[in-house]
Amino acid sequence: MTFRSSPIPPGVLTVGAVSFTVLAWASAFVSIRSAGSAYSPGALALGRLLAASLVLAVLLLVRRQGLPPREAWRGILISGVVWFCGYTVALNWGERLVDAGTASLLVNTGPILMALLAARLLGEALPPRLLAGMAVSFAGAVVVGLSMSSGEGGTTSVLGVVLCLLAAVAYATGVIAQKPALSYGTPLQVTAYSCLTGAVVCLPFAGQLATELPKAPLSATLNMVYLGVVPTALAFTTWTYALARMPAGRLGATTYAVPAIVVLLSWALLGEVPAWLTLLGGVLCLAGVAVSRYGPRPAGKPAVSDTRLPAGRTSGRT
């Protein structure tokens, strides 16, 4: 999708795109928590991906973009299976067991895992600061797990934490798979066909979706459609727009606001506030990400981040 010329200053449009993306991704955690009361994890994932695929297919037709080159398909298929399908199902399941704020805090360990995979698979640098950040975030995840398992039904809560961490791994793996694909296909092509691949892989849940859809309240179904249209389809477009106009590392740092927004939204809409120990663990998770991403810049050299993508290319979240 392209944005036509506008009398609004480009800087204002960029800020608006970033703000929309962060808010949309944060709202996804709350919508998943709400819709998850009526839809099982697989059915919710399939419904979300079908709605997103429909929107993205329309965008492909409007932009007249056909199939991506053959070289892009390996990354598209891996991303579709692991990220769009695996991440979505794992997160949906995890949010049935932990609150939306805790889920968002755990998933935000993804950038560290992304950098580790980039070092192993793409040959990117693995500096000491990144290793330190990984240690801090791991400690935070342990604190979150202990806080969630300290009360009644602790085993179930631990499972929820594990599922959210698996979602973070799937997210990081999907971004690493998409990065080479973006060298051949456009961001819209890679995103649309990855989403369609995820929807196809989720088709075994079609029976559950068909069974649950007539019984689900309208609010849950609207949340499912919202997840597909706004956080999955539209937010990817605004993310790409902003990424083409500001450094990827600086833009990526804006996503650290997602957990805080999720906590506020879940408190306002769902009445959920994580315990203080859970919040402490979440702060450690985010502190680890910050430590791994920021360091002193060599004089006269541009800032480089292991997880940045070139301008005009895109990665994605919930």
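**Helix packing and confidence**

Reply: In this predicted model, helices α2 and α3 are oblique to each other. The angle between α2 (residues 41-63) and α3 (residues 73-94) is about 130°, and their axes are 8 Å apart.

Me: Why is the packing of α3 with α8 called oblique?

Reply: Helix α3 and helix α8 (residues 187-201) pack at an angle of about 55°, with their axes 7 Å apart. Roughly parallel requires under 35 degrees and roughly perpendicular begins at 65, so α3 is oblique to α8. The crossing of α3 past α8 is right-handed.

Me: What classes of residue make up the contact of α3 with α8?

Reply: The contact has 10 nonpolar, six polar and no charged residues. Among them are Trp 73, Ile 76 and Leu 77 in α3, and Val 190, Thr 191 and Tyr 193 in α8.

Me: How do α2 and α8 pack, and is their crossing left-handed or right-handed?

Reply: The axes of α2 and α8 are 9 Å apart, at an angle of about 145°. The crossing of α2 past α8 is left-handed. Residues of α2 in this contact include Leu 46, Leu 49 and Arg 63, while those of α8 include Leu 188, Gln 189 and Ala 199. By class, the contact of α2 with α8 has 13 nonpolar, four polar and one charged residues.

Me: Why is the pair of Trp 83 and Tyr 171 called tilted?

Reply: The structure holds four aromatic pairs. In the pair of Trp 83 and Tyr 171, the ring centres are 5.8 Å apart, within the 6.5 Å limit for a pair. Trp 83 lies in helix α3 and Tyr 171 in helix α7 (residues 154-181), 88 residues apart.

Me: Where in the chain is confidence lowest, and where is it highest?

Reply: Helix α11 (residues 248-253) has the lowest mean pLDDT, at 51, and helix α9 (residues 206-212) the highest, at 96. For the chain, the mean is 77, and 69% of residues reach 70 or more. Over residues 298-317 the pLDDT is below 50, although this stretch has 63 contacts in the model beyond near neighbours in sequence. Where pLDDT is low, the predicted coordinates should not be read in detail.

Note on methods
Residues numbered from 1 in each chain as written. Predicted model: local features only at pLDDT ≥ 70, side-chain atom pairs only at ≥ 80, totals over all residues. Heavy atoms only, no water. pLDDT = per-residue confidence, 0-100. Helix = DSSP H or I, 4+ residues; strand = E, 2+ residues; numbered from the N terminus. Contact = heavy atoms within 4.5 Å. Axes fitted to C-alpha atoms, helices over the stretch in contact; angles between N-to-C directions. Parallel < 35°, antiparallel > 145°, perpendicular 65-115°, else oblique. Left-handed = near helix turned anticlockwise from the far one by under 90°. Nonpolar A, V, L, I, M, F, W, Y, C, P; charged D, E, K, R; others polar. Phe/Tyr/Trp six-rings, centres within 6.5 Å; stacked < 30°, edge-to-face > 60°.
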